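This report goes through selected local features of one protein model. Keep the sequence and the 3D view open while reading.

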Amino acid sequence: MTDPQQHVSAALREIEASIFGRRGEGHVHPTNERMQALVELLGDPQRAYRAINLTGTNGKTSTARMVDELVRAIGLRTGRYTSPHLASVTERIVVDGAPVSDLTFVEGYRELEPYIEIIDKRFNGVPLSFFEIVTALAFSIFADAPVDVAVVEVGLGGAWDNTNVLDGEVAVVTPIGLDHTQYLGDTVVRIAAEKAGIIKPGAMAVLAAQPPEAAAELIRHAAEVGATVAREGLEFGVIERRVAVGGQFLNLQGLGGTYDEIFLPLHGAFQAQNAACALAAVEAFFGADAASGALDIETVRGAFASVRSPGRLEPIRSAPTILLDAAHNPAGMTASLTAIAEAFQFRRLVAVAAVMADKDVTGMLELLEPAVDELVVTQNASSRGLSADELAAAAVPIFGADRVTVEARLDDAIEAGVRLAEDTGDDVLAGTGVLITGSVVTVGEARTLLGGSG
C-alpha cells in the first residue's frame, strides 16, 4: 500500500520541478501585469485580509519574521510570505507561524493550475514565472485559511514586484543599498524610487535609516501619495543594545512609547535595527502612538524572545562553531562580519563561500579578507551560481593563493573548512569557527547537509 504522505511528497516534487522549469527568480520581466490578471481571475484573494508589506535591500526576511511574531502575540492570525527558501518551497508560505503542509501546497496548486493555463495563453510568449505562481498561491492559501493579516516581503524592487498587487496599510522599507542594479537602477535614488512603489495612498511608511538621497526619495513619494512617514532615528529607533548570551538585550523607542529589556535571540546591530522597524510597523498597524500609548510590554518581550531567523548568523554546530549566514552583497556582508566580531570573538575563523554570478563578488571578498584566516571557495546548485574555479580566480588576487582552497562540492568544502579551522597548532578548539556564506541558496544547501530544521 502506498503511503499517502509519500504520494503527496512525490506530487510536491513534481510541482516544484514544473514551476522551477519556468522563468526563475533570476529571469525578471519587470511588470506585474500578468500577476494583476491572474489575481483578478482568482477573485482578488489578496483583498480578503489586511496587509503589511516589506521591501529594502537587506533585512526584509528577518524583519518580516519579527512582525509576524508580534502580530500573532497580540492575537491575530497571520500569513507570512518571504523568499527565497532555504530547503523547501513550502517555507515561503507560512500560516500562523508554521510553513504550510505539503498537502496544502499541492492542493492549492492544483486549484490554481487551470487559471495559470488561461493566463499563459492570454500572454502568449511570456508565461507566468515561478515567483508569480507561488505568490498567487500564497495569496489564495491566506484567503482560504483564512488569515487576519498578511505579512508580505517583496521579491524584487517594489512598484512592479508581483507582490505589489497587495495594498498594505503599513509599508516597511529596510536599508537600501546597491543590489540587483541591472533591474532596479545603478544608484540608490533609482532603487529607492522603485522600492517606494509599495507605499500606497493613506498608508504608514516605516523607514529604516537610509542613505540621505534614498530617504529623500522615499519621503518625496510618501508625500506624493498622502502616506504618513515614521523614520528610524526620529520617530522610533534603538535606544540601547547589550550583547548577551545567545543574542542581545534591547531598549527600543517605539511610536507609542519605550520598550526596555527586550531579549532578541539574534546577533548584530542590524538585527536590533530590524527589531525597531518591526515594532514600529506593528504599532502603526494597531494604531499605537504617543497619544494612545505603547503596546503591552510583556507581549512585546514574549514575541521578540520567540523570533528565529534561520540562515542569518545561525550557529548550527559547535567545536568548531559553524555559522550559517546568507549575506549576498557587500552591505549584508559588512553587517554580518561586524556582528561576528562583536558576538563570537573567534581566534581562528575560516569562511566557506559560494556566490551568485550576478553579485558584487569582489566587494564581498574584499570585506571577508581581513576578517577570516582562510577561505574555501565552492559552488551551489543554482544555475545562476558562480563556479568554484571562477570564484577562486576572483579570490586569489585578494587573499593570496596560499589562503584559498578550492572544492567543487559544497559538502567537501564544509569538511575542508572544518579541517582548516581545527588547524590551530594545538588541541584546543575553543574560539574556532567556520562561516558558510555568500548566498541564501548556499546556506540552504549547507543547512540541509548539516541537519538544520525549522
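Does Asp 411 count as buried, partly exposed or exposed, and what is the relative accessibility behind that label, if "which class" is the point to settle? Asp 411 counts as partly exposed, because its relative accessibility is 25%. The model is a predicted one.

## Salt bridges

Asp 411 is the partner of Arg 409 in a salt bridge, and the closest N and O atoms of this pair are 2.5 Å apart. The structure holds 24 salt bridges. Two further pairs are described here with their positions.

Glu 261 and Arg 242 form a salt bridge in which the closest N and O atoms lie 3.3 Å apart. Glu 261 belongs to strand E11 (residues 258-264) and Arg 242 to strand E9 (residues 237-244), so this pair ties together parts that are 19 residues apart in sequence. Glu 261 is partly exposed at 36% relative accessibility, and Arg 242 is partly exposed with a relative accessible area of 33%.

Asp 358 and Arg 384 also form a salt bridge, with 3.4 Å between the closest N and O atoms. Asp 358 sits in the loop between strand E14 (348-353) and helix H12 (361-368), while Arg 384 sits in the loop between strand E15 (374-377) and helix H13 (388-399), so the pair ties together parts that are 26 residues apart in sequence. Asp 358 is partly exposed, with a relative accessible area of 34%. Arg 384 is partly exposed as well, with a relative accessible area of 26%. Elsewhere, salt bridges that share partners join Asp 44, Arg 47, Asp 167 and Lys 200 into one network.

| Salt bridge | Closest N and O atoms |
|---|---|
| Arg 409 and Asp 411 | 2.5 Å |
| Glu 261 and Arg 242 | 3.3 Å |
| Asp 358 and Arg 384 | 3.4 Å |

## Helix packing

Two packed helices are described by the angle between their axes and the distance between the axes. Helix H2 (residues 33-41) packs against helix H5 (residues 130-144) at an angle of about 35°, and their axes are 10 Å apart. The crossing of H2 and H5 is right-handed. On the H2 side the contact is made by Arg 34, Met 35, Leu 38 and Val 39, and on the H5 side by Glu 132, Thr 135, Ala 136 and Phe 139.

Helix H5 also contains Leu 137. Leu 137 is buried, because its relative accessible area is 1% and the cut-off for buried is under 20%. Leaving aside neighbours within four places in sequence, Leu 137 is in contact with Ile 93, Phe 105, Gly 108, Tyr 109 and Leu 112. The C-alpha atoms of Leu 137 and Glu 111 are separated by 9.2 Å, and these two residues are 26 residues apart along the chain.

## Buried loop residues

Gln 46 is placed in the loop between H2 and strand E1 (50-55). Gln 46 is buried, with a relative accessible area of 3%. Not counting residues up to four places away in sequence, Gln 46 touches Val 39, Phe 139, Val 165 and Leu 166. Among these, Val 39 of H2 and Phe 139 of H5 also take part in the contact between the two helices.

Thr 82 is placed in the loop between strand E2 (78-81) and strand E3 (93-95). Thr 82 is buried too, with a relative accessible area of 8%. Its contacts, leaving aside neighbours within four places in sequence, are Thr 61, Ala 64, Glu 91, Arg 92 and Glu 153.

## Backbone

Most residues other than glycine have a negative phi, and most peptide bonds are trans. The loop between E2 and E3 also holds Pro 84. A cis peptide bond joins Ser 83 and Pro 84, with omega about -10°. A cis peptide bond also joins Ala 319 and Pro 320, and omega there is about 0°. Pro 320 lies in the loop between strand E12 (314-317) and strand E13 (321-324). Ala 319 has a positive phi near 55° and counts as exposed at 51% relative accessibility.

Asp 96 has a positive phi of about 55°, although it is not a glycine. Asp 96 is found in the loop between E3 and strand E4 (98-99), and it counts as partly exposed at 38% relative accessibility.

## Surface patch

Leu 41, Tyr 115 and Ile 118 form a nonpolar patch on the surface, with about 220 Å² of accessible area together. Tyr 115 lies in helix H4 (residues 102-122) and is partly exposed at 31% relative accessibility.

Conventions. Residues are numbered from 1 along each chain as its sequence is written. This is a predicted model: local features need pLDDT of at least 70, side-chain atom pairs count only at pLDDT 80 or more; totals for chains, interfaces and linings use all residues. Side-chain values use heavy atoms; hydrogens and water are left out. Patches are made of residues with over 30% relative accessible area and no salt bridge: like charges are joined within 9 Å, nonpolar side chains (Val, Leu, Ile, Met, Phe, Trp, Tyr) within 5 Å. Accessible areas come from the Shrake-Rupley method with a 1.4 Å probe; for residues, only the protein chains shown count as cover. A salt bridge is a side-chain nitrogen of Lys or Arg within 4 Å of a carboxyl oxygen of Asp or Glu. Helices (H or I, at least four residues) and strands (E, at least two) are DSSP runs, numbered from the N terminus. Buried means under 20% relative accessible area, exposed over 50%, partly exposed in between (1.4 Å probe, protein chains only). Axes are lines fitted to C-alpha atoms, for helices over the stretch in contact, and angles run from 0 to 180 degrees between N-to-C directions. A crossing is left-handed if the near helix is turned anticlockwise from the far one by less than a right angle, and right-handed if clockwise. Contact means heavy atoms within 4.5 Å.
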